[in-house]
Amino acid sequence: MRLYIKPLSPFFCTTLILSLFLASCKKTEHVPQVDLVIPTDLSIPYGSDTTIHISSPNGNSDKITYSLAFDEATKNIKLRNGNLLQTLEQAVTLNQEKGDLKIQTGLLFPNGATSISSDVIIPEIYRVKVIAKSNTGNILKEEDLSFKILPGKITFQDVDQTSANAFTYRLFSNKETYIVLDSTVKIPEGSHLQLPKSAASSGIKITDNQLVFPSSTGNLSNLEEKSYTVEPALIKDGFPVASRKLKVTFIPQIKFFYGSYYPEYDITVKTPLLNISLYGGFQSQKPVFYPEKYRSSFSIVKIEKDGEPFEDTDKLFAIKADLGIITVKTNKTLQAGQYKIYTKAVLTTGMELFTDLTLAMQDGD
C-alpha cells in the first residue's frame, strides 16, 4: 500500500511560519538594560552618612527593582541589641525610585573594632550584594559592594587640631581646667565618652562631655611646664567608634601688665594710669611680660576716652608689635581726658592675654 501525501500550498506554509513567529514573540520578554555603578575601595569616616547612586536605568526604572543581600555570617556576630546582620539591614537601605543606596555609619561600627566588654570583633570590611531584577523577578545584574568604616575623630573647642594629634596650652591654675569635647559625630543614645585607666591615675576625668584636669600650681621662677597626653574615646554598645589623642601642656601664669616686675623677689608694681601732656607726644615703657620666652607680638584692641569708644581717625596711637611699647604722636587735635588703651599679647603658644594702660591727658607740658 502506498502512502500519498499531498503537498502544502505556498500560502498555507507562509501563514503557518508567520503565526509561529508571532507566537514566539509574545512569549519573549523585553529585557531592560541596567548598569550597576558600584564604587570600589569605599572608606567612610564614622558619623558621615553616604548616598551612592548605584544605577542608570536608561528610562526603564518602572521595570527594574533593586534589593540587597547581606552576608549571613554577620548574623553570628552578637551585639548588645541583636546581631550585626540586623544592624546592617537598618544602616544600609535603598531608595527604589532614585536608585540610591544610603549608608548610615552612625548605626554601625568602625571595621576591626573590638568590644571593650567582650571578645567580639567587627569584621575588617562590610560586604553587601546589590541585585537588580526585572518586574517579572528575573535577575538582570548583581554586583558586590564592599565598604570600610573608619574610626571617627573627636574634636575639642579652642584646641589646635590641624595636625594628626591635637594639642593645646593652658595656664597653671589652682582651679580645675576644663576642655570641652565637641565630637564630630552626634553621641548616640546609650553611648558615652571614656578615658584610658592611665588618665584616671593622673586625676583627669570626664564630666558632662568635658575633659577635666586637676588643679596645679606652676613654679613661675623656674619656668617649668607640665604636659598630659590623653586619648578620650566615644564608646557605643561596647565598641570604640571615635577617639582623638590630645596633648595638654600647662605653662606658668604669664605676667602681662604695664609697670615693673622683679622676679628674684616676685615683686609686682603696676602702673596702669599715667599722666601725660595732651599735645607733646608720648612713648611708654615696655610692658612686663614674664616669662619672656612666651612673648610673641602685641597689638591695640580698642581705645576708650572717658569710658566711651574713641575712633583714632588721625592714627595718633600706635604700639610696637614686637615690644608692646605704646606711642602717641605729637598733635593739636586730641582733647583733654582719660584715654584707655586695651592691648593684646599673643604668646608663642598661640594663647592671647589682655591688659590696658590709661593715659590721662591734660593741657600743659
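Modeller: S3 and strand S7 (residues 100-103) pair in the antiparallel sense, over four bridges. This is a predicted model, where local features need pLDDT of at least 70, side-chain atom pairs count only at pLDDT 80 or more, and totals for chains, interfaces and linings use all residues. Residues are numbered from 1 along each chain as its sequence is written, and side-chain values use heavy atoms, with hydrogens and water left out.

Colleague: What makes S3 and S7 a pair?

Modeller: Two strands pair if DSSP finds at least two bridges between them. S3 and S7 have four bridges, so they meet that definition. In S7, Asp100 is the bridge partner of His53. Strands themselves are DSSP runs of E with at least two residues, and helices are runs of H or I with at least four, numbered from the N terminus.

Colleague: Which side chains of S3 are buried?

Modeller: Thr50 and Ile52 point to one face and are buried. Buried means under 20% relative accessible area, exposed over 50%, and partly exposed in between (1.4 Å probe, protein chains only).

Colleague: Why is Lys148 called partly exposed?

Modeller: Its relative accessible area is 26%. Glu124 is at 53%, so Glu124 counts as exposed.

Colleague: What makes Lys148 and Glu124 a salt bridge?

Modeller: A salt bridge needs a side-chain nitrogen of Lys or Arg within 4 Å of a carboxyl oxygen of Asp or Glu. The closest N and O atoms of Lys148 and Glu124 are 3.6 Å apart, so the pair qualifies. Lys148 is in strand S9 (residues 139-150), Glu124 is in the loop between S7 and strand S8 (126-134), and they are 24 residues apart.

Colleague: How do you know that Glu225 and Lys293 tie together separate parts of the chain?

Modeller: Their side chains meet in a salt bridge, at 3.7 Å from N to O. Glu225 lies in the loop between strands S15 and S16, and Lys293 in the loop between strands S25 and S26, so the pair ties together parts 68 residues apart in sequence.

Colleague: Why are S24 and S28 at the edges of their sheet?

Modeller: Three strands form an open sheet in the order S24-S29-S28, with antiparallel pairing. S24 (282-283) and S28 (317-319) each have a single partner strand, so one side of each is left without a neighbour in the sheet.
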